[in-house]
Amino acid sequence: MNAIKQRARCAVILYLLANIAMPFALLYLPSHLIVRGDATATADRLRDSIGLVRAGIAAELNNGIFMVLAALAFYRLFKPVSYTHARAMLVLVLLGVPISLFNILNTVAALIFARGGSSLAAFALQQLDAFVLLFLRLHNYGVVLAGIFWGLWLFPFGILAMRSSFIPWWIGLCMFLAGVPYVVSVFISLAAPQFDYIADWLSPLMAGEIPMTVWLLVWGAKDQPKRHMVPAPALT
C-alpha cells in the first residue's frame with residue numbers, strides 16, 4: 001500500500017472515530033432532554049437519563065480528541081498540495097475543538113443541579129430545575145458557536161481535495177458544499193431564529209462528508225505524482 005493511501009485511510013479512520021457518536025450527543029440527546037419552556041419536565045427527563053447524559057459527555061470528549069488527531073493527519077496528507085490551505089484547515093479545527101470541550105461543562109453543570117445534594121440545599125427544587133434548563137440551553141448555544149468552525153474547516157478541505165491529484169474532485173466539492181449548512185445554520189440561529197426552516201432545507205448538504213469518508217475508507221487515495229508535490233515548510 002502506497003504512502004498516500006496509508007495516510008488517507010489513517011486520517012479518515014480517525015475522522016470516523018471522532019464523529020461516529022456525535023449525532024447521538026448533539027441531535028438525539030438534546031431533543032430527548034429539553035422540553036421547551038418547561039424546566040421541571042426537562043430536569044425530570046435528565047434525572048431519568050443520567051446514563052444517556054454521561055454517554056453524551058463521553059461522545060463529545062471522544063470527538064474532541066479524535067478530531068484533533070484527524071485534523072493533524074489530514075494536514076499531513078494535504079500539506080504537499082497547499083501548505084496555506086492545509087494550515088487554515090488545521091487552525092480552524094484547533095479553534096473549534098476547545099469550544100466543544102469547554103461546552104461540556106454546561107452539561108456537567110446541568111447534571112450537578114439536577115442531582116442536587118447538600119451543597120445545593122440553599123436552592124429550592126424549582127430553582128434547581130431552572131438551572132438545569134439554563135445550562136442545557138447554554139450547551140446548545142455552545143454547539144452553535146462551535147458549528148462556525150466545524151463548517152469553516154470544510155471549505156479549505158474541499159479546496160485541497162479538488163486541487164489534489166489523489167482524490168476525485170467531486171469529493172472536494174461535496175466537502176465544500178457540506179460547510180454551507182453549518183455556517184448558514186449558525187447565522188440563522190444567532191441572528192434570525194424565526195427562519196430556522198431555511199437551515200432545514202440545507203441540512204441534506206451536510207451529508208457531503210459521507211462520500212469522502214466512504215471513498216477514502218474503501219478505496220483510499222492514489223499516490224501523488226512527484227511533479228505535483230510542492231515543498232512546504234514544517235508546522236511550527
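The legends below describe close-up views of a predicted model.

**View 1. The largest pocket and its lining.** The largest pocket holds about 1900 Å³ of space. Its lining is made up of 45 residues, and those nearest the pocket centre are Leu26, Leu27, Asn140, Val143 and Val144. By class, 26 of the lining residues are nonpolar, 13 are polar and 6 are charged.

**View 2. Helices around the largest pocket.** Several helices each supply at least two residues of the lining, among them H1 (3-19), H2 (22-33), H8 (169-191) and H10 (209-218). Helix H6 (125-152) is also one of these helices, and H6 gives the most to the lining, with 10 residues.

**View 3. Packing of helices H4 and H5.** The axes of H4 and H5 come within 9 Å of each other and cross at roughly 170 degrees. Because of this angle, H4 is roughly antiparallel to H5. The contact between H4 and H5 has 22 nonpolar, 4 polar and 4 charged residues.

View 4. The side chains of Arg47 and Asp44 form a salt bridge, with 3.0 Å from N to O. Arg47 and Asp44 are 3 residues apart in helix H3 (residues 39-47), so about one helical turn separates them. Asp44 is partly exposed, at 36% relative accessibility; Arg47 is also partly exposed, at 27%.

View 5. The side chains of Asp129 and Arg47 meet in a salt bridge at 2.5 Å, N to O. This pair links distant parts of the chain, since Asp129 in helix H6 and Arg47 in helix H3 are 82 residues apart. Asp129 is buried, with a relative accessible area of 2%. Through shared partners, salt bridges join Asp44, Arg47 and Asp129 into one network.

Notes
Residues numbered from 1 in each chain as written. Predicted model: local features only at pLDDT ≥ 70, side-chain atom pairs only at ≥ 80, totals over all residues. Heavy atoms only, no water. 1 Å grid on protein atoms, 1.4 Å probe; cavity = no way out; pocket = protein on both sides within 12 Å on 5 of 7 lines; lining within 4 Å. Points joined across faces, edges and corners; volume = space filled by probe spheres on them. Helix = DSSP H or I, 4+ residues; strand = E, 2+ residues; numbered from the N terminus. Nonpolar A, V, L, I, M, F, W, Y, C, P; charged D, E, K, R; others polar. Axes fitted to C-alpha atoms, helices over the stretch in contact; angles between N-to-C directions. Parallel < 35°, antiparallel > 145°, perpendicular 65-115°, else oblique. Salt bridge = Lys/Arg side-chain N within 4 Å of Asp/Glu carboxyl O. Buried < 20%, exposed > 50% of the residue type's maximum accessible area, 1.4 Å probe, protein only.
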